[in-house]
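Reader: Could you walk me through one part of this model in some detail? I would enjoy a close look at a single helix and its surroundings.

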Amino acid sequence: MLNHATVHGTDRSALTRFQHLPVPQVEVALDAILDAHLAVSVAGLVAVDLYDGCFLYDFSADQMRLIDLDEYRPGPFVLDAD
């Protein structure tokens, strides 16, 4: 996981390691996230709780995986919580 900001004192070494990857490698990883959200958008949905803790980067395979995708809603919508 790149970052899990909800846990105090989290080990952010994976995020630091990801930030030091060559730019073309990072672009491929980010394309995977964007491609997934374009597919969701075509279905008429938007992400409610998407953050860097949802991104699991496999350094040995050079592949980004999306995890813990809690909620998508028909969009656009008004968030009824702070």
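Which residues of α2 are buried?

Author: Happy to take you through this. A word on the ground rules: this is a predicted model, in which local features need pLDDT of at least 70 and side-chain atom pairs count only at pLDDT 80 or more, while totals for chains, interfaces and linings use all residues. Residues are numbered from 1 along each chain as its sequence is written, and side-chain values use heavy atoms, with hydrogens and water left out.

The setting comes next. The chain has 2 helices and 4 strands, in the order α-α-β-β-β-β along the sequence; helices (H or I, at least four residues) and strands (E, at least two) are DSSP runs, numbered from the N terminus.

Now to your question. The buried residues of α2 are Val 26, Ala 29, Ile 33 and His 37, where buried means under 20% relative accessible area, exposed over 50% and partly exposed in between (1.4 Å probe, protein chains only). Seen down the axis of α2, these buried residues fall within an arc of 75°, so they line one face of the helix; the arc is that of the directions from the helix axis to the C-beta atoms. On the other side of α2, Pro 24, Val 28, Asp 35, Leu 38 and Val 42 are exposed.

What does the buried face of α2 pack against? Its buried residues pack against α1 (13–19) and against the strands β1 (45–47), β2 (55–58), β3 (63–66) and β4 (72–74), with contact meaning heavy atoms within 4.5 Å.

Just after α2, Gly 44 takes a positive phi of about 85°.

The rings of Phe 18 and Tyr 57 have their centres 5.1 Å apart and their planes at 65°, so the pair is edge-to-face. (Rings of Phe, Tyr and Trp, the last by its six-membered ring, pair if their centres lie within 6.5 Å; planes under 30 degrees apart count as stacked, over 60 as edge-to-face and the rest as tilted.) Phe 18 lies in helix α1 and Tyr 57 in strand β2, so the pair ties together parts that are 39 residues apart in sequence. Both Phe 18 and Tyr 57 are buried.
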